[in-house]
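Visitor: I'm new to reading protein structures. Could you walk me through one with me?

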Amino acid sequence: MRIIKDPSEMQSVSEKLRLRHQFIAIVMTMGALHEGHLSLLKLAREKAGTLILTIFVNPRQFGPKEDFQRYPRPFEKDASMAKAAGVDYLFAPEPETMYPDGFETRVSTGTVADGFEGATRPGHFDGMATVVLKFLMLTKPHLAVFGEKDAQQLAIIRTMVRDFNIDTRIIEAPIMREEDGLATSSRNIYLSSIERTQSAVLYRGIREARDLVAGGETDAARLVEAAESVIRSAEDTVIDYVGIVDAETFAVVETLERDRTYRILVAVRIGSTRLIDNGTFRVGETVN
Ligand code: AMP
């Protein structure tokens with residue numbers, strides 16, 4: 001595995017790979033690798049000739065009061081996990097080389113970025129989309145794997161790839177969870193042991209809504225209420241939002257219809273940690 005820090009070196013390596021007809025797959029992360037990231041790498045590894053992993057804690061997608069400074073950066077451990085996962089190139093640039101003096105262009109995301117994470121974290125998605133576009137330009141991948149864990153992010157990336165005619169296939173990987181249902185996340189290490197126990201309510205709330213939909217409930221407000229009441233059953237949880245959207249368009253829905261897929265989106269603060277999760281369902285059907 002080769003570690004690359006310099007963006008222009010990454011770009012010339014990718015160009016050479018392309019000229020050698022290598023099929024390039026990429027997984028983009030902020031590091032502090034966990035089982036969720038490894039599942040993305042596994043999926044990409046199966047399809048790729050050359051597998052690139054990026055690790056970059058992107059300052060432009062963090063708000064001034066968010067956890068940019070304290071975000072974990074265990075680089076040596078990440079590098080050995082990446083190597084074991086079959087990564088060929090680990091691209092880990094510094095913010096100064098990604099955003100040198102004079103950098104001023106940014107991607108402006110559309111309506112799919114307006115609600116939920118977009119409303120709660122102003123500027124987050126523009127910053128995210130900008131860095132994703134830069135990584136696509138630097139690594140020239142045929143395929144990129146993203147996690148369903150960040151469902152709105154995925155929808156925004158799909159929209160950007162479509163709108164800008166980007167020649168990269170986007171595939172999504174299912175959410176990896178701990179035994180109690182908590183989605184694996186680099187931020188889970190912030191949780192105290194009592195908060196860690198409480199955090200299982202996110203998935204329990206999602207499951208509650210999912211069970212109601214499987215039983216035929218179609219009123220989104222009732223589903224939101226049911227999920228919220230499960231989440232509130234744990235002390236110290238503060239709900240940022242719970243919402244139900246059409247899984248394809250991300251439009252908020254009031255009444256669920258048969259033969260469409262919906263997604264419940266959840267963001268909860270537990271102590272000083274903010275967690276997001278989501279799940280899909282179809283009316284009258286049990287979806288895993
Ligand atoms: P992050 O490092 O948190 O920016 O995540 C990098 C990629 O890993 C994104 O595509 C995430 O959606 C994905 N990811 C993070 N956590 C999980 C998880 N628990 N299951 C599946 N994918 C995940």
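Visitor: How do I read a sheet, and in which order do the strands sit here?
Guide: Strands of a sheet pair through backbone hydrogen bonds, in a parallel or antiparallel way. In this predicted model, three strands make an open sheet, ordered S7-S8-S9, with antiparallel pairing. Strand S7 (237-246) and strand S9 (273-281) are at the edges with a single partner strand each, so one side of each has no neighbour in the sheet. On average, neighbouring strands are turned by 15° against each other, direction ignored.

Visitor: How many bridges pair S7 with S8?
Guide: Nine bridges, in the antiparallel sense, with S8 covering residues 262-270. To see one, look for Val238: its bridge partner in S8 is Arg269.

Visitor: Which helices pack on the sheet?
Guide: Helix H9 (residues 201-214) does, touching S7, S8 and S9. The direction of H9 makes about 20° with that of S9. Helix H10 (residues 220-232) packs there too, touching S7 and S8, and its direction makes about 155° with that of S7.

Visitor: What joins S8 to S9?
Guide: Nine bridges, and the two strands run antiparallel. S8 and S9 form a hairpin, with two residues between them. In that turn, Gly271 has a positive phi of about 60°.

Visitor: Is S9 mostly covered or exposed?
Guide: Mostly covered: eight of its nine residues are buried.

How values were computed:
Residues numbered from 1 in each chain as written. Predicted model: local features only at pLDDT ≥ 70, side-chain atom pairs only at ≥ 80, totals over all residues. Heavy atoms only, no water. Pairing = 2+ DSSP bridges. Helix = DSSP H or I, 4+ residues; strand = E, 2+ residues; numbered from the N terminus. Axes fitted to C-alpha atoms, helices over the stretch in contact; angles between N-to-C directions. Contact = heavy atoms within 4.5 Å. Buried < 20%, exposed > 50% of the residue type's maximum accessible area, 1.4 Å probe, protein only.
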